[in-house]
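Please examine the sequence and the structure shown here before reading on.

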Amino acid sequence: MEHDSLGEMEIPAASYYGIQTQRAIDNFHISGVGINHYPNLIRAFGMVKKACAAANKKLGYLSPEKYKAIAQACDELAAGQLHEWFSIDVFQGGAGTSTNMNANEVIANRALELLGFHKGEYQHLHPNDDVNLSQSTNDVYPTAVRLAVLLSHAELMTALDDLSYEFRQRGVEFADIIKLGRTQLQDAVPMTLGQEFEAFAINIKEDVARGDEIVKLFREINLGGTAVGTGINTEPEYSNLAIGELTRICGIEMSRASNLIEASWDMGAFVLYSGMLKRIAVKLSKIANDLRLLSSGPRGGLAEISLPPMQPGSSIMPGKVNPVIPEVVNQVCFQVIGNDVAVTMAAEAGQLQLNVMEPVIVYNVLDSMHMLVRAARTFAEKCVAGIQANPENARRHVEASVGIVTALNPYIGYEKAAALAKEALKTGRTVRELVVEKGWLTEAQLDDILDVAKLTAPRRRGRKIVPGNA
């Protein structure tokens with residue numbers, strides 16, 4: 001039997017959480033997704049609470065015995081233990097107070113066991129008075145969620161790096177395959193399939209560099225600001241001590257915000273980082289769209305590449321195989337873009353000295369990261385790694401296109417080239433046939449100018465050929 005300011009409640013004897021966690025579990029039946037769905041969030045709380053306990057011990061406010069028990073319980077959280085006792089819904093009122101108290105109660109009850117007491121015997125070690133000493137949800141929660149993003153970031157960047165690598169490998173493999181470039185879904189000019197895939201690789205790799213820059217914003221924290229950033233109920237040395245301990249514990253250089261009041265409500269880092277996740281999603285979705293177009297067919301579409309066949313594609317059409325991996329990547333990307341809208345609205349909804357919407361901000365950012373990691377890995381392993389080129393189809397599209405007339409611009413002029421393209425489309429004859437027939441260029445000159453392998457990079461043209469000029 002436990003009590004709080006609202007009354008008493010029975011808590012299961014085996015439970016490591018207490019009455020405040022139980023109230024949150026009862027109150028927030030929303031998404032069905034518990035905070036322990038994101039292990040790095042719980043790990044981060046273990047690290048932050050241990051840092052705070054270490055600072056309080058150094059200042060003489062926490063006995064060595066209590067510190068040792070609290071620190072061990074925190075280490076267990078950081079190691080992935082006891083996470084099953086963090087089942088509060090990710091959607092919760094209270095600006096994260098429920099999550100903070102969940103951590104306080106689990107750590108307190110595990111520490112009591114380590115000290116030889118029973119769970120719930122808080123007269124020996126209390127969730128608020130000892131585990132939450134010198135702290136408020138309003139500085140501990142923002143610090144822990146920022147650390148959770150930092151802990152999760154490397155996994156996302158690694159997944160994107162691996163995806164970029166697979167595209168680069170295909171770029172090397174397809175380096176000599178000539179194909180038709182297209183703009184606005186219309187024939188443009190020749191390029192190589194390798195160039196197309198190399199561009200995909202570079203497009204993704206750019207975001208790894210950008211992400212590593214933006215994530216550094218989360219290293220600035222408001223730990224020690226307590227309720228509104230003034231540091232009430234702390235010693236003057238406490239904030240720097242706790243942040244120094246956290247740096248040592250997590251292995252990431254954390255720094256004290258220059259203004260703890262501003263840092264207690266500002267969600268700017270989340271807005272920027274979520275915007276970067278949206279940028280990644282937009283890029284991945286565009287690439288997925290391109291792969292679906294390039295593989296369309298197999299007879300009635302472009303069919304310049306073949307995606308790995310993953311599963312039957314129809315319950316009625318035998319033999320149909322769909323581009324299911326790019327399709328699922330598209331869907332993940334749509335969700336990430338929607339998550340960014342939620343982050344934006346929640347960041348704007350902050351009022352005065354606190355943003356009570358931070359739980360939904362954290363949920364959407366971590367959710368986007370989690371989905372993008374899995375989508376990138378799936379994309380790389382189940383799609384890009386197994387893509388095959390169809391060089392015959394690709395070359396046929398180049399040779400049948402009037403797009404190569406662009407290469408004649410420097411030699412016959414834009415207007416003649418435009419008229420030539422129009423005539424070729426109308427008559428069904430090739431550009432080469434018409435140019436020779438009109439006597440504008442010789443076969444030998446056309447062999448050089450229209451060599452598709454030479455049309456995929458800049459080249460020195462030499463003296464411009466003017467029709468009729470010697």
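## Basis of the model

The model is predicted, and local features need pLDDT of at least 70, side-chain atom pairs count only at pLDDT 80 or more, and totals for chains, interfaces and linings use all residues. Residues are numbered from 1 along each chain as its sequence is written, and side-chain values use heavy atoms, with hydrogens and water left out.

## Aromatic pairs

A search of the whole structure finds 12 aromatic pairs. Rings of Phe, Tyr and Trp (its six-membered ring) pair if their centres lie within 6.5 Å; planes under 30 degrees apart count as stacked, over 60 as edge-to-face and the rest as tilted. The ring centres of Phe45 and Tyr141 are 6.2 Å apart and the planes stand at 50°, so this pair is tilted.

Phe45 belongs to helix α2 (residues 39–58) and Tyr141 to helix α6 (residues 137–173), so the pair links parts of the chain 96 residues apart. Both Phe45 and Tyr141 are buried (under 20% relative accessible area, with a 1.4 Å probe and protein chains only). One aromatic cluster is formed by Phe167, Phe174, Phe197, Phe200 and Phe379.

## Charges over rings

The charged end of Lys119 sits over the ring of Tyr16, 4.6 Å from its centre. Lys57 lies over the face of Tyr67, at 5.5 Å from the ring centre. For such a contact, NZ of Lys or CZ of Arg is within 6 Å of the ring centre and within 35 degrees of the ring normal.

Notes:
Helices (H or I, at least four residues) and strands (E, at least two) are DSSP runs, numbered from the N terminus. Buried means under 20% relative accessible area, exposed over 50%, partly exposed in between (1.4 Å probe, protein chains only).
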